[in-house]
Amino acid sequence: MSGGTRGRQGRAREQRLYLGGEWVEPEGGYYEVVNPADESVVGLAPEASRAQVEAAARAAAEAFGTWSRTRPEERAAILDRAADVIQREFEPLAELARAETGAPTGIARGMQVGVGVSRFRRYARGALEPVERGLPPQVTEAGPMGAASVLGALEVRQPVGVVTCITSYNNPWANPAGKVAPALAMGNTVVVKPAPQDPLSVFRMAEALAEAGLPPGVVNVVSGQAVEVGEAAVDSPYVDMVSFTGSTGVGQRIAEVCGRSMKRQLMELGGKGAAVVFEDADLDAAVMGIGTTFSFYSGQICTAPTRVIVHRSVYAELVEKLTGYLAFMKVGDPAVKGTVVGPVISAAHRDRVESYVELGRKEGARIAFGGDRPVVGEGGGNGTGRGRGRGRGFYVAPTLLVDCTNDMRVVREEIFGPVVVVVPFDGGEDEAVALANDSDYGLISYVWSADSARAFRVARRLRAGGVGVNTIGRNMEAPFGGFKRSGVGRDVGSYALHAYSEVQSIVWAG
């Protein structure tokens, strides 16, 4: 699995583009991929030109006719073989994912590469799911259009065509695999534009698919830091659909471009998950769920319950328990055993997260825990030092902002870091629901209550694409997507197969 990289004396390995089944030198040169844990150079990623992005889309369009007619059993076999290749190279791939993202080793292994493998397996099975469904016949009466007849009807799912997949930086395996695998299973061809911060893992995915026997042009990978790389991947006339995971602002710009040519869209955008905690909740379970999830990937996860809405009667106890939970979270080098919170993806993002903490303080929130930059390495220990002096890497301490109100920007805007805000409420279900729904976002919310009837009643009233009741777990066959500015469409499980298909009806006289 090294066909796309080459080394030079004294330099990091250079990654080439993957276009039409060939590894191609980038016309825009190379840029450094930086390890956010220690700021070392992981490798050199290719900067595609607009012309090369267009060539990738054209290659996908040329491959579509043959691939879309490939037997489902053959598509399934290729996806399964790709999973085998990834599994064989599991440890070095997990190490690369950890280096690119700064995720702790356990997350890089289990939630990144491990989930990538499972998604290729899942959609190998998905390629074999039925794509045709007979509909009830309809009897027509004789009239101007002819004699009476019985009309049969068939619903058929057809591939969309060429799909541009633009992926997020927080998971360079699960997120691309969750797009590429179902798209291929349905007979589409793909252009992948990975996040510029960690594209190298996505190229390894392309190598696995090539080794598994995927025909040239079916998957193409282009990367780059320039905005025009992503724009070209969206705007190309060869592209029929765009699947995007990322910020709401970028998603809105993509939607505007897609609207000009009526391209299909699947958007997983921002989140500001509400966690509604009632007075009868199991506070230990709620604290564990909230603390674990909002620190996951150092808070760089759109499903995190970063907005806790808690009944006043248990407010002080929850804050105390959550503060204690965060104090035991080990911040530090993700390669060190026991690390829970690693770095955020870049210096710029670290500064952005810290600016929100300062904004919250100015808005009147109280910092109950965190708020300072942990110093990791070079004499700073493993997250035990505080300040802004020595140490390398882009670390942010888990931070708890309390005494918040719903009009604060830290409550309303997505921070995408290990920062959680707590808002008290005094009334009953109506007030809690109103506070939870008073948001531009609606991806995933949560309810904690010992009264299951109330918990499910409240869950149905929340304007969110998914709701966890007394759990932070997700069923990977359940539809995933958001309300409001959190996205358009649904994927995961069979819903992903539907997302990457068009429905055709065939009607005949019997």
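**Strands, loops, pockets and cores in a predicted chain**

Reader: In which strand does Ser 445 lie?
Author: Ser 445 falls within a strand that spans residues 444-448, where helices (H or I, at least four residues) and strands (E, at least two) are DSSP runs numbered from the N terminus. The model is predicted, so that local features need pLDDT of at least 70 and side-chain atom pairs count only at pLDDT 80 or more, while totals for chains, interfaces and linings use all residues. Residues are numbered from 1 along each chain as its sequence is written, and side-chain values use heavy atoms, with hydrogens and water left out. The strand that holds Ser 445 is β22.

Reader: Is Ser 445 buried or exposed?
Author: Leaving aside neighbours within four places in sequence, Ser 445 is in contact (heavy atoms within 4.5 Å) with Ala 274, Leu 462, Ala 464, Gly 466, Val 467 and Gly 468. Under 20% relative accessible area a residue is buried, over 50% it is exposed, and in between it is partly exposed (1.4 Å probe, protein chains only). Because its relative accessible area is 8%, Ser 445 is buried.

Reader: With which residues is Gly 271 in contact, leaving aside its neighbours within four places in sequence?
Author: Gly 271 is placed in the loop between β13 and β14 (274-277), and with 7% relative accessibility it counts as buried. Beyond its neighbours within four places in sequence, the contacts of Gly 271 are Cys 302, Glu 414, Tyr 441, Leu 443 and Ser 486.

Reader: How many Å apart in space are Gly 271 and Val 353, C-alpha to C-alpha?
Author: In sequence, Gly 271 and Val 353 are separated by 82 residues. In space, taken from C-alpha to C-alpha, the separation of Gly 271 and Val 353 is 15 Å.

Reader: Does Met 262 count as buried or exposed?
Author: Met 262 is not a glycine, yet it has a positive phi of about 60 degrees. Its place in the chain is the loop between α8 and β13. Because its relative accessibility is 70%, Met 262 counts as exposed.

Reader: What is the relative accessible area of Asp 403?
Author: Asp 403 also has a positive phi of about 60 degrees without being a glycine, and it lies in the loop between β19 (399-402) and α12 (409-412). Asp 403 is partly exposed, since its relative accessible area is 35%.

Reader: Which helix gives the most to the lining of the largest pocket?
Author: A pocket is an open set of points on a 1 Å grid over the protein atoms alone, where a 1.4 Å probe fits and protein lies on both sides within 12 Å along at least five of seven lines; its lining residues have an atom within 4 Å of a point. The largest pocket is lined by 42 residues, with Phe 244, Gly 246, Ser 247, Val 250 and Arg 253 lying nearest its centre. At least two lining residues come from each of α7 (227-235), β12 (241-245), α8 (248-261) and α11 (347-363). With 7 residues, the element that gives the most to this lining is α8.

Reader: Which element gives the most to the lining of the second largest pocket?
Author: The second largest pocket has 39 lining residues, and nearest its centre lie Met 111, Arg 119, Ala 174, Arg 474 and Met 476. The elements that each supply at least two residues of this lining are α4 (105-126), α5 (174-185), β12, β13 (264-268) and α9 (283-295). The element that gives the most, with 6 residues, is α4.

Reader: Which residues have the most contacts inside the largest nonpolar core?
Author: A nonpolar core is a set of buried Ala, Val, Leu, Ile, Met, Phe, Trp, Tyr and Cys residues joined through side-chain atoms within 4.5 Å. The largest has 74 residues, and those with the most contacts inside it are Phe 120, Leu 184, Leu 209 and Val 219.

Reader: Which residues does Val 219 touch, not counting residues up to four places away in sequence?
Author: Val 219 is among the residues with the most contacts inside the largest nonpolar core, whereas a second, separate core of 43 residues includes Ala 286, Ala 304, Val 310 and Val 376. With residues up to four places away in sequence set aside, Val 219 touches Tyr 18, Val 180, Leu 184, Val 190, Val 192, Leu 209 and Leu 214.

Reader: What percentage of the 510 residues of the chain count as buried?
Author: The chain has 15 helices and 26 strands, and its C-alpha atoms fill a box of roughly 75 × 70 × 40 Å along the principal axes. Among contacts with a separation of 6 or more, residues 24 or more positions apart account for 72%. Of the 510 residues, the share that counts as buried is 55%.
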